[in-house]
Amino acid sequence: MKIWDQMWQKESAANYEDKDARLQRVLGVKDFLALGVGTIVSASIFTLPGVIAAGHAGPAVVVSFILAALVAGLIAFAYAEMASAMPFAGSAYSWINVLFGEFLGWLVGWALLAEYFIALAFVGAGLSANLRGLLAEFGLQVPQVFVTPIVDGGYGDWISIASILIVTVLLGRGVKNATRVELFLVIAKVFAILLFIVVGLTAFHASNLHPFVPQYDPSVKPGPYGGWQGIWAGVSGIFLSYIGFDAIAANSAEAKNPGKTMPRGILGSLLIAVVLFSAVSLVLVGMFKASAYAGNAEPVAWALREAGHPIVAAVVAMIAVVGMFSALIGMSMAGSRLVYSFGRDGLLPQSLGRLNKDQLPNVGLWTVAIVAIVITAFFEFSQLAQLISAGTLFAFIFVALGIYRLRPREGRDLTDPAFKMPLYPVLPMVAALFALFVLLGLGLDAKLMMIGWFILGLIVYFTYGMKHKIR
């Protein structure tokens, strides 16, 4: 087969159905809602509203969250239809392989691979930072050498490493057990958020919301700050928080009745998330001026302490730390299914696509964990977080455009799903354009890192993947 023909050869949906049939379909709507909310409403809800308010949007941070949710919601419609019609492991990677061909499928999957590797390390580091902040309130200090990256002279962040290992061992014992833990953690985290909202409203001052949209100020760095420029910069920064619905879709091969469970899980979790994010943002900027949160790594707990509620602050911080394990579970599950999909297809070593005696992709699971541990041990990767948004937005664009390839095949060689993206054929293009707009709004560093990651992906594909692809 010629190289060009191989690059654009489409995968058979029936082939994926046969291969993924070994995975156990044990997850229902409740499990996917917990997985989605747990992944989307992660450490960011306790930190990001303050960061965006102080650095970009001021009190209009709530507008940034709502606009980001609208863009994410358009993509979520596409995801819901895709996951209903093609409930395969690997989400966008597998879908694009079926609809556009091997090469684009690889690029989309490679982009998502960066998301899960880095996001797992990112959440682990966030858990570590919040736990250390909580311990400091009780006069306990973790030796700095045990939370400093090796390249900076430390021994790595051992709290982050331990949290990733705990979640990996839990998932290795079975998906159903992990989702029960996930549900408990999500309920606890939502309780902490609601507790903050209720107590925070007692210290709410409407005067702190004026001016709601600050005047654009080009002197604020890194900026942009104020005006609609600041609001849209906030959208680009916030969008990372809403990408968790890909974690739901990645596990669609393990869904009971995916035609119903996937749309409800994807759209339901996003709706819950935007309500919680918007409420936390509004209360936070109503308690204190947005500028008060500049450089603050724990704005929610800080606001409660400053408002005279130290005990509530400690309770919320404690639950927030424990609740971050829910995001680690979601990222680990999704990442391992993506790695499994690459191994299943032979684009990466086939050993990654093996299932154990309990039909679990534990080789993929431990691969994701080890890579994330290496990242969190060796590197100061705060800027790498931008690569998560860049790579994921790239995948989102092709998922939205994929609806145009999907519709003509529904009811023929693909399942005709009960849920379909509304306002076809207009909305898929609108979704793709909005995702592209957000992608272009990311910083230059994010774009350069995405290009570098894709260059590495092309090298892997042409030197290994094409030669070992299973036909």
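Predicted model: local features only at pLDDT ≥ 70, side-chain atom pairs only at ≥ 80, totals over all residues.
The axes of H7, which covers residues 102-137, and of H14 come within 9 Å and cross at roughly 160°. An angle over 145 degrees counts as roughly antiparallel, and H7 and H14 are therefore roughly antiparallel to each other.

Two packed helices are described by the angle between their axes and the distance between the axes. With that description in mind, we can turn to another partner of H14. Helix H2, made of residues 13-20, and helix H14, made of residues 310-345, have axes that come within 12 Å and cross at roughly 115°. Angles of 65 to 115 degrees count as roughly perpendicular, and H2 and H14 are therefore roughly perpendicular to each other. The crossing of H2 and H14 is right-handed. On the side of H2 the contact is made by Tyr16, Lys19 and Asp20, and on the side of H14 by Tyr340, Arg344 and Asp345. The residues of this contact of H2 with H14 divide into 2 nonpolar, no polar and 4 charged.

Ser341 lies in helix H14, and at 0% relative accessibility Ser341 counts as buried. Not counting residues up to four places away in sequence, Ser341 touches Ala89, Gly90, Tyr93 and Ser94.

Helix H8, residues 158-172, also meets H14. At 1.5 Å a residue, the 15 residues of H8 should span 21 Å, and the C-alpha atoms at the ends of H8 are 21 Å apart, which agrees. The buried residues of H8 are Ile159, Ser160, Ile161, Ser163, Ile164, Val167, Thr168 and Leu171. These buried residues pack against the helices H7, H9 (175-201), H14 and H15 (362-378), and also against the strands E1 (147-148) and E2 (156-157).

The same check of length can be made for helix H12, residues 258-287, whose 30 residues should span 44 Å at 1.5 Å a residue; the end C-alpha atoms of H12 are 43 Å apart, which agrees. H12 is mostly covered, with 21 of its 30 residues buried.

Leu33 has its place in helix H3, which runs over residues 29-40, and at 26% relative accessibility Leu33 counts as partly exposed. Leu33 and Leu270 are 237 residues apart in sequence, and their C-alpha atoms are 9.0 Å apart in space. Leaving out residues up to four places away in sequence, Leu33 touches Gly38, Arg264, Gly265, Gly268 and Ser269.

From the helices we now move to the loops and to their backbone. Most residues other than glycine have a negative phi, and most peptide bonds are trans. Gln359, in the loop between H14 and H15, has a positive phi of about 60° although it is not a glycine. With a relative accessible area of 26%, Gln359 is partly exposed. Another backbone feature concerns the peptide bond from His210 to Pro211, which is cis, with omega near -5°. Pro211 has its place in the loop between H9 and helix H10 (227-238).

The loop between helix H16 (385-406) and helix H17 (426-440) holds Pro425, and the peptide bond from Tyr424 to Pro425 is cis, with omega near 10°. Leu423 is also found in the loop between H16 and H17, and Leu423 has a positive phi of about 55° although it is not a glycine. With a relative accessible area of 65%, Leu423 is exposed.

Lys420 is a further residue of the loop between H16 and H17, and at 34% relative accessibility Lys420 counts as partly exposed. Leaving aside its neighbours within four places in sequence, Lys420 is in contact with Glu81, Arg407 and Glu410. Lys420 and Lys176 are 244 residues apart along the chain, and their C-alpha atoms are separated by 28 Å.

Definitions and conventions: Residues numbered from 1 in each chain as written. Heavy atoms only, no water. Axes fitted to C-alpha atoms, helices over the stretch in contact; angles between N-to-C directions. Helix = DSSP H or I, 4+ residues; strand = E, 2+ residues; numbered from the N terminus. Parallel < 35°, antiparallel > 145°, perpendicular 65-115°, else oblique. Left-handed = near helix turned anticlockwise from the far one by under 90°. Contact = heavy atoms within 4.5 Å. Nonpolar A, V, L, I, M, F, W, Y, C, P; charged D, E, K, R; others polar. Expected span 1.5 Å × (residues − 1). Buried < 20%, exposed > 50% of the residue type's maximum accessible area, 1.4 Å probe, protein only.
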